[in-house]
Amino acid sequence: MAGFDKRVSSYEEALAGLKDGMTVIAGGFGLCGIPENLIAEIKRKGTRDLTVVSNNCGVDGFGLGVLLSDRQISKVIASYVGENKLFEEQLLKGEIEVILTPQGTLAEKMRAGGAGIPAFFTATGVGTPVAEGKEVREFNGRKYLMEESITGDFAIVKGWKADHFGNVVYRHTAQNFNPLAATAGKITVVEVEEIVEPGELDPTQIHTPGIYVDRVICGTFEKRIEQRTIRK
Amino acid sequence: MALSREQMAQRVAREMQDGYYVNLGIGIPTLVANYIPEGMEVMLQSENGLLGMGPFPTEETIDADMINAGKQTVTARIGASIFNSAESFAMIRGGHVDLTVLGAFEVDVEGNIASWMIPGKLVKGMGGAMDLVAGADNIIVIMTHASKDGESKLLSKCSLPLTGAGCIKRVLTDLAYLEIENGAFVLKERAPGVSVEEIVAKTAGKLIVPDHVPEMQFAAE
C-alpha cells in the first residue's frame, strides 16, 4: 500500500488491528447496505466484547446477528433491535447491554463524531426516558437535550463503487448510515461491489471523500431482502 | 360503526395539500398513500433516506438497495432524491416535513404521546419516532380509540413512557377525529353511526363536546 492506494486484497487485512473490547460503527439500515463480508470476517476472527454502533443489529443468522451466536457483542447502540430472537434472549438474560437511541440522534451522533463536534442539542427525546441523566437547556423558549457524539475504533461501511483513493459512492437507499459511519472511525474500512479506475468517479458525485477512508476492499454480496413487497 | 383501517387512512388523506412533503409511519399510516386525492401531488418521505417514495416494484424491478423505513422494497418516483440518514433527519428535525402521520399506544390531553415502549414487555426501540414527533409541527396520530379490553387510549396522562412531550395536536381514532387544545380533547367529528355517548364513554381524558359534532362522510364503495 503506497500513497493514496487504499486497496487491500483480503478481508483479514481489511480488519487487521481489530481487537477485543473495541467500538465498531457499522453502516446499514435493516439488512440494506450492510457490510456483510466485514461482519462475517469479525465472526471468523472471533473478536469479542465489542461495542457495536448501528441502527439495527441484523436478523438471526445474517448481518450483525451472526456476531450474537458466539456472544461477540457486549453492548449495542441502536435505534431498533427487533427481528432478532437471539438478541432478545441475550438482552433478557442481561448478557448484552443495549442503549436505544432515536434514529436521527444516532445519525447525528455519528456525523458529529466524524466532524469533531463532541456534543449537540436536539429536541428529540425531551421528556422521555431517553432524556434521563442528560443536560437539558432552553433555546428560544424550547427545551433541548445534550447528546454526545460517537466515534469508533473501527467503522465498517458498505459502498457501491470506490476508487483506490477511497472515494466512495453508494447505491440507492443502501446509502443510509454508511457515509456517517465512514467519517466516525479511527480506521474506516469500506467494502464495495466494484473498485473502478482512477478518474472514473465524477468528483461532484462522491458521497464519501477518500480522506475519511483507510482501507477499501472489493467483495460479493448476498443483499438479503427483509420485506419483499411487490406491486399487485 | 367504527372506521375500518382503510376509512381511517381515507380520512387522514383529506388533510393532505397539494405540494406537501409527508412522512407516513408504519401500519395504518402507510395506507394513507393509497387515498391521496386525485390531481394532488404529494412527496412521501421515508426516514431511511428517500424523498419521493413510489409504489412497490414489480417482480422485474425489485431491488434490495431500494427500501423504505418499513424495510419493504419500494421504488422512487420521478422527482425523488436519495440521501444519508443525517440528511434525512435534518429534514425531519428541521421542520421541513409538512405532515407526519404515525401510530401510538396512548395520547393525553397535554399532547404527550407514548408509542414505543411497554414496560415488562420486550423493548425493540423507538426507531425514528422520537425525532419525528419532536421535529414536526403538523402531526396526526392514528390509533384505535380503546384497547381490545375496552381501555381508553385517550388519557388525562399517558401511563407508558413517552415518545414525545406536548407535541400532538390532532388524533384520528376509529371512532372520532379530535384536536387537543388547552389541556382537553375537543371532539371535532365522529365516525358514521357512532354516538357522542360512546365516544364520551371511551375517552378517559377531559373531552369537550361541541353542540354539533358532524359525522364523517365516506363515499359508498
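Visitor: Which residue stands opposite Tyr144(A) in β7(A)?
Guide: That's Arg137(A). Before we go on: this is a predicted model, where local features need pLDDT of at least 70 and side-chain atom pairs count only at pLDDT 80 or more, while totals for chains, interfaces and linings use all residues. Residues are numbered from 1 along each chain as its sequence is written, chains are lettered from A and ligands numbered from 1 in the order in which they are written, and side-chain values use heavy atoms, with hydrogens and water left out.

Visitor: What makes strand β6 (residues 136-139) of chain A and β7(A) a pair?
Guide: Two strands (E in DSSP, runs of at least two residues, numbered from the N terminus) pair if DSSP finds at least two bridges between them. Here four bridges join β6(A) to β7(A), and the strands run antiparallel, so they pass the test. In their hairpin, which has two residues between the strands, Asn140(A) takes a positive phi near 50 degrees.

Visitor: Why is the contact of Lys109(A) and Glu147(A) called a salt bridge?
Guide: The rule asks for a side-chain nitrogen of Lys or Arg within 4 Å of a carboxyl oxygen of Asp or Glu. Lys109(A) lies in helix α4 (residues 103-114; a helix is a DSSP run of H or I, at least four residues) and Glu147(A) in strand β7 (residues 142-148), so the pair ties together parts that are 38 residues apart in sequence.

Visitor: Why does Lys186(A) count as exposed?
Guide: Exposed means over 50% relative accessible area, buried under 20%, and partly exposed in between, using a 1.4 Å probe and protein chains only. Lys186(A) has 59%, so Lys186(A) is exposed. By contrast, Lys109(A) and Glu147(A) are both buried.
Visitor: What is the salt-bridge partner of Lys186(A)?
Guide: Asp153(A), at 3.2 Å, N to O.

Visitor: How many residues of chain B are in contact with chain A?
Guide: 45, and they meet 49 residues of chain A; contact means heavy atoms within 4.5 Å.
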